[in-house]
Amino acid sequence: MKVSLKWLNQFVKVDDVSPETLADKLAFAGVEVEEIRRLAEGTNLVIGHVLSCVAHPDSDHLHVLKVDEGKKYGVHTIVCGAPNAKAGLNVIVAREGAVLPGETIKKSEIRGLTSDGMCCALYELGVDKKYLTEKQVNGIEELPIDAPIGEENVLAYLGLDDVVLDLKLLPNRSDLNAMENVAREVGAVLSRPVTIPKDPIPKAAKGDFAVGSETPRCPLFAVREVRGVKALPSPKWLVDILAAEGLRSLSSIVDIGNYVMLLTGQPLNLYDADKLPARELIVKDDYEGDFAAMDGKTYALKKGDLVVTSAGVPVCLAGILTGIAPAVTEDTKNVVVEAALFAGAPIRRTSIRLGLGSESSSRFIKGINPDQSERVLDLATQLLIDFSKAAKVLSAVPYDILSHERKTIPTSLTYLNGRLGTSFNLSEVKEALLRDHMAIVNEEGERFSVVVPNYRIDMSGEADVSEEVIRLLGFSAVKSVLPSVPLRIEGGYSPRQKDKLAVRRYLRGHGVDECLTYSLVDQSRRASYEYLVVGEDYEIKNPMTDDHQFLRKNLLRSLLDAASYNSAHQEKDLALYEVSDVDAPKVSGLHLAIVLVGNEAIEGRLETRPYDFYSAKGLFEGLAGLLGIAPTRYRLEPLQSAKEEFHPGRSAAVYLGRTLVAVLGELHPSALKNLGLSQSAVGMEIDLGALLDLRTGLAKASVPPRFPSVTRDLAFLIATKTDYEEARKEIAHLDATISEVEIFDLYEGANIAPGKKSMALTITFRDPEKTLKDEEVNAIMKRIIDDLGAHFQAEVRQ
Amino acid sequence: MDPIEQVKAIQEKALSEVAGASSSEELTRVRNTYLAKKSELTSLMGLMKQIPAEEKAAFGKVLNDARDAIQAAYDAKSQGLESAALSAKLASEAIDLTLPGRTLCQGRVNPYWIIVDEMSEIFASMGFEIVEGRDVETDHFNFEMLNVPKDHPARDMQDTFYITDTLLLRTQTSAAQAHTMLAKAGKEPIRMICPGKCYRRDDDDMTHSHEFGQIEGLVIDKGISLADLKGTLELFVRKMFGEKREIRLHSSYFPFTEPSVEVDVSCAACGGKGCPMCKGTGWIEILGAGEVHPHVLEMGGYDPKVYSGFAFGVGVERVAMLRYGVDDIRRFYQNDVRFLKDFSEK
């Protein structure tokens, strides 16, 4: 809602308050002022008359004017570049010292001639070019012949001495879409009296125009028939008000419709009475078919759209757009003025579907005063009589199934102070409510009832009354205490949340950076790195862009993008992770993804070690250990995938029982290329939720062994294709005294036969009951060597 | 020569040779000369036979004393030589102390997470439960249970990503309110926060993002008023932005609170005097809040005649931007490590 302060001042005195102060006070009461716009600005202005205009001797486009600036200032020479400058014009002169929005006027020399002031175009006074014609933009303003020469209050003469507050209305204050109610609000906020003129009651004869509604979405429909109107130019005061509100004056009939809506908040619709198919208007919501609107377009209407019909023909898309046939034109003589109440929901739906919106539809959507149709029609009718020369008014019986009962809300001082955390007394509260145009009835001690004005459709209960009190009395009255909450409610982090924090801390402690990436991805990414969660995903019906259209099923792809972004910015050696929920129609969970690029993030860099498969595996093992998941509970298997995402020989799937809980691997060279990564990279995605959900028992203290252990090293040659784990398991199971088998060296290359590798293990022997003798260990070692020979053709290296 | 004199002469010679030894090899040779089985001192034992019986004891003592003295001198010298050798070795091992240390760097944190973690910490320490909602929500919980029925004009305040007619990406973590209320069956008091990602159909620019973080807070009990809200938020703001920060409330509108307020915090950059950061007002808008709407309580199973509560919602990136002077919300989602390097969490 745009509020002209000049217009507002007719109802409540605001001309002694600066617009900024007013905006500030309104903001605290919950009415935000988005913009304070001065229609025009300028000091030292005067209306002048161009006595003569000659070409500047040294220029092909400048003129030298003699301008009569009235008795007080006399005649001055002004050099002017406007193409429309000519003798006989009445112009706006910015005199020496004038301060305009963009400049300060000084006496100056222009190509050898002294210019004493400037002739102005309106935009030079700050008028937005969108309100001006091309001619006005290209030249100086041409004032009417009767403009008062020497007049110094030029902005007032132009009707531009106004300031407009653009209110950003929140959905609960739809009442402020009416100037009268803005005045009431300002009066309440400033504690000033508000004068709303009494409504006129024009004489009306009984008419026979019939109205009705066949839908509960239109409970009220009223009209007046006004005959013998003329589309005259509107009076200046009306033109100025509309201009300040950002509307162009069209004709008095249309202008009056707009003016009454701006004043009262009630949208009016006008029909040419002679072009309606019948002397009736009936509202329906079951019409299906085409509708030819006054904007020249045809719209396909569906059931549910509210339409006003006449003899079954749609003549108006209710609250949104009139039909082309009955629209008021220059030649209209008889009008039907409609003031109705349409439900917001269907208007909102229709308006969104057809992409149509107007001042009127937005008022219905937000909600209007249901209680003023008759007075608004009277007001409009009187104006049509006054300014469109209406000859005759015919009344009509309104369709009205509303009760029009005033809302009364019982409340009490205890309730209000209790909700607000204040200690107001009864008279303070009553004063605030009265100031807010509420009435107070049924007083009984500290209990009373509040009668709500009909335009405050947002108010329905006691809580609303509390808001009115606090916004007018000010939030500084609210005390500050901390809620005392019973001990029986448990707070703080849950065990699972603590584990999640520990996991994140672990990763940061291992040099991995925590990231945040978008959850919405594009078509090309939706099915990549699809391992833990596969298949169906959530697709956005109404995406903003193709880039963010599907809810991701993994985090790895997003993190790889982050790596790619950094690589493109010459950042090498990256370690990134993200923890986030992953949601798909059939499965949802908490995931962790890790991307390692280039070398380990060791500061100093005198020595570097590239990240590889084992870096990621190590992080998985570390996390599992952190969460108390023993290595025996999970196993790695080669990752089977036909996609060129992971290195086929250096990637694995991790299973807990039968459940896939992680995939990890070095990236496929094609993947690196596609991502623009110049260094090698490792990726891992873990179903962190599954790991967190695993129940691990309480730790049990173990008793340190009583007898010492014996260790022996064993190095042997074995086929390259034999995995360490196979050899380890084979040895570990050979004897009950073997408590640990660990690898300490692995070598392939020079001095080793092709197809073979040298593996060196440390084997630990321990008997809980006694100290092992050398001979006993030697015997087991021999069995180990024989067994490795038999199973793997391994040869012991001496 | 008197055997005792002989012993003393050997002792003297031995002691001087021990003292003069400059390496452990030399010292070993000295020891072998004087203390080994076939050393000079041992050979003097042979003289014992010639010594009269009454002097044998005295001679034996002299001999033993000499041996002990040489042994002691040897031990001391040997220790001295070892420690000198060690010192020399250590001296030769001196390194360039100015070369960089070898540390596994601490991973950096996107400041988004610093704010989420710190806020969670603050409220957890106040006994708040931390609730985790889901990004995919139903229209019912995201809107209807928050007093925003279908076709309500307040829906225009947030443009929503829909998956189906009834399924959407949550536009606000407030969606967690009703879940929590229903879970507590309308009987238990509630103190919770819900941090999470929200989605709105906004064009991404410096201050808007189609994805953003929000932290919802909800307290419900008997007798909870705006004063409790003010006290709680004051505490939070001071922990987050500094002890000297003040807050002020002004009227606003959210469908699920009544009264609704916007909360401003006094500008940390200028201390409230007015500067470019706060656009000269001395205050910065930080979050929205209010007393829970009776209808929302009712739908959540709480009798509004018995229970009341407050709720608030704060934007994660907004807090991070104010606190760290981040100029563009998109930086949180780029994960440029040159940006991240400024942030490591203690």
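This is a predicted model: local features need pLDDT of at least 70, side-chain atom pairs count only at pLDDT 80 or more; totals for chains, interfaces and linings use all residues.
A cavity is here a set of points, on a 1 Å grid over the protein atoms alone, where a 1.4 Å probe fits but cannot get out, and lining residues have an atom within 4 Å of a point. Grid points are joined across faces, edges and corners, and a volume is the space filled by probe spheres set on the points. The largest cavity is lined by 27 residues, of which Lys500(A), Trp113(B), Val116(B), Glu132(B) and Pro195(B) are the closest to its centre. At least two lining residues come from each of helix 15 (495-509) and strand 30 (574-583) of chain A, and likewise from each of helix 5 (111-125) and strand 4 (190-199) of chain B. Helices (H or I, at least four residues) and strands (E, at least two) are DSSP runs, numbered from the N terminus. Helix 5 of chain B gives the most to this lining, with five residues. By class, the lining comprises 10 nonpolar, six polar and 11 charged residues; Ala, Val, Leu, Ile, Met, Phe, Trp, Tyr, Cys and Pro count as nonpolar, Asp, Glu, Lys and Arg as charged, and the others, Gly among them, as polar.

In total, the structure holds seven cavities of 30 Å³ or more.

Residues are numbered from 1 along each chain as its sequence is written, and chains are lettered from A and ligands numbered from 1 in the order in which they are written. Local features need pLDDT of at least 70 and side-chain atom pairs count only at pLDDT 80 or more, whereas totals for chains, interfaces and linings use all residues; side-chain values use heavy atoms, with hydrogens and water left out.

Between the two chains, 84 residues of chain A are in contact with 94 residues of chain B, contact being defined as heavy atoms within 4.5 Å. The chains bury about 7600 Å² between them, 55% of it on carbon and sulfur atoms. Buried area is the accessible area (1.4 Å probe) that two parts lose on being put together, summed over both. On the chain A side, Arg419(A), Leu516(A) and Tyr518(A) lose the most area to chain B, together 10% of what that side buries.

In chain B, strand 7 (residues 257-266) is mostly covered, with 10 of its 10 residues buried; buried means under 20% relative accessible area, exposed over 50%, and partly exposed in between (1.4 Å probe, protein chains only). Thr257(B), Pro259(B), Val261(B), Val263(B) and Val265(B) point one way from this strand, while Glu258(B), Ser260(B), Glu262(B), Asp264(B) and Ser266(B) point the other way. In a regular strand the side chains alternate between the two faces of the sheet. Pro259(B) is found in strand 7 of chain B, and a cis peptide bond with omega of about -5 degrees joins Glu258(B) to Pro259(B).

Strand 7 of chain B pairs in the antiparallel sense with strand 6 (residues 247-254) over seven bridges, two strands being paired if DSSP finds at least two bridges between them. Ser252(B) stands opposite Ser260(B), and a hairpin of two residues joins strand 6 to strand 7. Strand 7 also pairs with strand 8 (residues 283-292) of chain B, in the antiparallel sense and over eight bridges; here Gly288(B) is the bridge partner of Glu262(B). The loop between strand 7 and strand 8 of chain B contains Lys279(B), a residue other than glycine with a positive phi near 55 degrees. Lys279(B) is exposed, at 77% relative accessibility.

In chain A, an open sheet of five strands with mixed pairing has the order 12-15-18-19-20. Its edge strands, strand 12 (210-213) and strand 20 (321-322), each pair on one side only. Strand 18 (residues 307-310) and strand 19 (residues 313-317) of chain A run antiparallel and are joined by four bridges, with Val308(A) opposite Cys316(A). Ala311(A) lies in the loop between strand 18 and strand 19. Phi of Ala311(A) is near 55 degrees, a positive value in a residue other than glycine, and Ala311(A) is partly exposed, with a relative accessible area of 47%.

Technical notes:
On a 1 Å grid over the protein atoms alone, a cavity is a set of points where a 1.4 Å probe fits but cannot get out, and a pocket is an open set with protein on both sides within 12 Å along at least five of seven lines; lining residues have an atom within 4 Å of a point.
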